[in-house]
Amino acid sequence: MSLANQNLILVVDDNFNELKILSTFLENNGFQIAIASDGLSALKLSHQICPDLILLASLMPDIDGFQTYCCLNKSPITKDIPVIFTANYNDSRNIVKAINLGAVDYLTKPFKQEEVLSRIQLHLRLHSLTLKLQQQNKFLIEDIEARHIKESNLVKITQKLEERVEERVNQLSLALHELQKTQKELLAREAKFQHDALHDDLTGLPNRSWLMEQLQTIIKSANKNTNLQYAVLSIGLDRFKVVNDSLGHLVGDELLQKVALRLQACLSHAGKIARFGGDEFMIVLEDIKSTDDAIFLAEDIQEQLKLPFKLAGYEVFVGVSIGITLSTLMEYNSPIDVLRDAGIAMSLAKQAGKGRYEVLTPQNKTRAIARLQLENDLRQAIEREEFYLEYQPIYSLSTGQLQGFEALVRWNHPSRGRVAPAEFIPTVEEIGLIDRLGFWVLQEATRQLSKWQHEFPHHSLLVMNVNLSAKQLKQIKLLKQIDSLFSELGLPPNCLKLEITESSFLKTSSEEINMLHQLRQKGIGLCIDDFGTGYSSLSRLHNFPVNTIKVDRSFVNRLGTGSGETEIVQTIVNLAHNLGLDLVAEGIETPEQLQKLQELGYELGQGYLFSKPLNCQRARQLLSNVV
Ligand code: C2E
Ligand code: CA
Ligand code: CA
């Protein structure tokens, strides 16, 4: 399809001939043609048909081509239509005017057909291109606008995003700050944990774990370098329990803090100190020149800790017992062994009478271990009830009648078999278990007596002698225990006689003597045991509310040997009888001894001559045989 076919051209001219010629020519060339013979009808027609191009004569009556053009130009419908002015050949003024007004071209008359055609085609193409361009431009603008919208949306989104990012960054930096704070706190807490794990709360001193670590290193270096000697001192307060029990835990705590300070003051820079809980402290002396270094330190500590402590308005005295173990005397590979040995040495010092120090040697270690083993076994023995009683008969020396029994405790050790009381009673006393064991003996012996009295009514006057440790006299609840025992068994109090050794009588305090008075007032018999061994002044006897004296076996043994014992025994007899006390002899082994004692006027006696201590069945048998 040719370009002309599509195009509608409006030819405007007042000269009919020219109009005709031009339009015919153009029609012949394929254009659609509309014609107008003046400006007004051209304007009208242009609005109706909207031609693709207007050929406009510049000079016309009424409104000329220029005015028409101006009107076309003003209307939005026609303003873009390309207008080619037609003018006479020599009318250059109007041509210029037309061009200035904005006409796309001009054609001069007489028209040259080729030129007309080519100009029209050119301008139509230009117009079509312009339209295309405008269209594209419009698209472009729309596109740009759309992009602008998108961009502004993007900017908004970006802005929002930035705001959120900023907000998030703020939150994150806050969280980071919190995290750093928490981390700091955690680190501080961990540091505190680590410190606490290795230190004692109360005194601030390092603790057992810390010292173990230190010792590990020291042992390693000493094992590599034999010239390196070290000592470990285990320090225990002698009277801490007394202070704690009498003045309370707070004062006890204050005492431990002050002891810690004094111990630190005694230490040279080479010493390391730690608290091992309770009232026990450990000192490690590294790289000592000789054992004297450890001994000097122990003596210095003992001097310093002898001085009183001012606590809660009181002057408190506590001594210390110190156990020392030396790498030169003992061989060590592990801290546990060293610490255990230092503890063993301390227990030796305590056994030796407190306020002392002991250096551990392989020999005394063996002794101490045996002793510790005994302590351990005894604690278990009490739990497991490994004790039982034997009963040694006591006879009237004048009538030969059975008067009663002495209850003697025995320990049936699971591996050692029967252990004699002399071997374990002192330890039971020392480890503070005598109250329990003593009461068990008392209970067992009186229950047994009650059974026998019921079984053998003719023995209703039998007396049971029970040995009482002086330590039991310190126990206020003893009276109550005895009362409830007697009311449980329905026994008369005079069928019980408590034996207390003479040596412990000498140490009795006024409270203990008071206890003895109360026991005596109840009607319970009291007997001084092993009399003659404690060297008590005979004149002091009347201070004690006792009613029987049991003369020690050692005197009975030597009776009649000419060693002057008879005189002593005679003196005792006179004195006892003057004071109204009964006399018992123990350890009678021979008829001669018996005869002598009878002559001297002894009321009662016991010994292998009559009978060894009997177990329960054999004692019962004895009772059933005696009429
Ligand atoms: P003790 O109270 O002087 O007891 C007498 C000791 O002499 C008993 O020794 C007894 O078996 C022994 N014996 C009796 N007759 C003769 C004899 O003719 N010749 C010889 N050589 N010895 C004789 P045992 O049973 O070994 O008791 C030793 C000590 O243990 C007792 O001496 C007593 O102080 C203590 N003891 C025993 N049982 C208890 C108890 O239940 N409580 C307390 N606190 N101490 C007890
Ligand atoms: Ca006795
Ligand atoms: Ca005795």
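These legends walk through several close-up views of a predicted model. In this predicted model, local features need pLDDT of at least 70 and side-chain atom pairs count only at pLDDT 80 or more, while totals for chains, interfaces and linings use all residues. Residues are numbered from 1 along each chain as its sequence is written, and side-chain values use heavy atoms, with hydrogens and water left out.

**View 1. The largest pocket holds about 1300 Å³ of space.** A pocket here is an open set of points on a 1 Å grid over the protein atoms alone, where a 1.4 Å probe fits, with protein on both sides within 12 Å along at least five of seven lines; lining residues have an atom within 4 Å of a point. The volume is the space filled by probe spheres set on the points, which are joined across faces, edges and corners. Look for Leu-408, Asn-467, Thr-501, Asp-529 and Asp-530, the closest to the pocket centre among its 45 lining residues. Elements giving two or more residues to this lining include strand E14 (402-413), helix H14 (434-455) and strand E18 (525-531). Helices (H or I, at least four residues) and strands (E, at least two) are DSSP runs numbered from the N terminus. The lining has 17 nonpolar, 12 polar and 16 charged residues, where Ala, Val, Leu, Ile, Met, Phe, Trp, Tyr, Cys and Pro count as nonpolar, Asp, Glu, Lys and Arg as charged, and the others, Gly among them, as polar.

**View 2. The second largest pocket has a volume of about 900 Å³.** Of its 23 lining residues, Leu-237, Asp-238, Lys-350, Lys-354 and Glu-430 are the closest to the centre. Helices H8 (240-247), H11 (335-351) and H12 (362-384) each give two or more residues to the lining, and H11 gives the most, with five. By class, this lining divides into six nonpolar, five polar and 12 charged residues.

**View 3. Two cysteines, Cys-70 and Cys-495, are shown without a disulfide partner.** The whole structure has zero disulfides (pairs of cysteine sulfur atoms within 2.5 Å). For Cys-495, the nearest cysteine sulfur is that of Cys-527, 15 Å away. Cys-70 is partly exposed at 28% relative accessibility, whereas Cys-495 is buried at 4%; buried means under 20% relative accessible area, exposed over 50%, and partly exposed in between (1.4 Å probe, protein chains only).

**View 4. Lys-272 and Glu-286 meet in a salt bridge, at 2.8 Å from N to O.** A salt bridge is a side-chain nitrogen of Lys or Arg within 4 Å of a carboxyl oxygen of Asp or Glu. Lys-272 lies in strand E7 (271-275) and Glu-286 in the loop between strand E8 (280-285) and helix H10 (291-306), so the pair ties together parts 14 residues apart in sequence. Lys-272 is partly exposed at 22%, as is Glu-286 at 28%.

**View 5. Arg-620 forms a salt bridge with Glu-455, their closest N and O atoms being 2.5 Å apart.** This pair links distant parts of the chain, with Arg-620 in helix H21 (616-625) and Glu-455 in helix H14, 165 residues apart. Arg-620 is partly exposed at 36% relative accessibility, and Glu-455 is partly exposed at 37%.

**View 6. Asp-337, Arg-340, Asp-341 and Lys-365 are linked in a network of salt bridges.** The structure as a whole holds 31 salt bridges. Another one to look up joins Lys-79 and Asp-80, at 3.5 Å from N to O.

Technical notes. Chains are lettered from A and ligands numbered from 1 in the order in which they are written.
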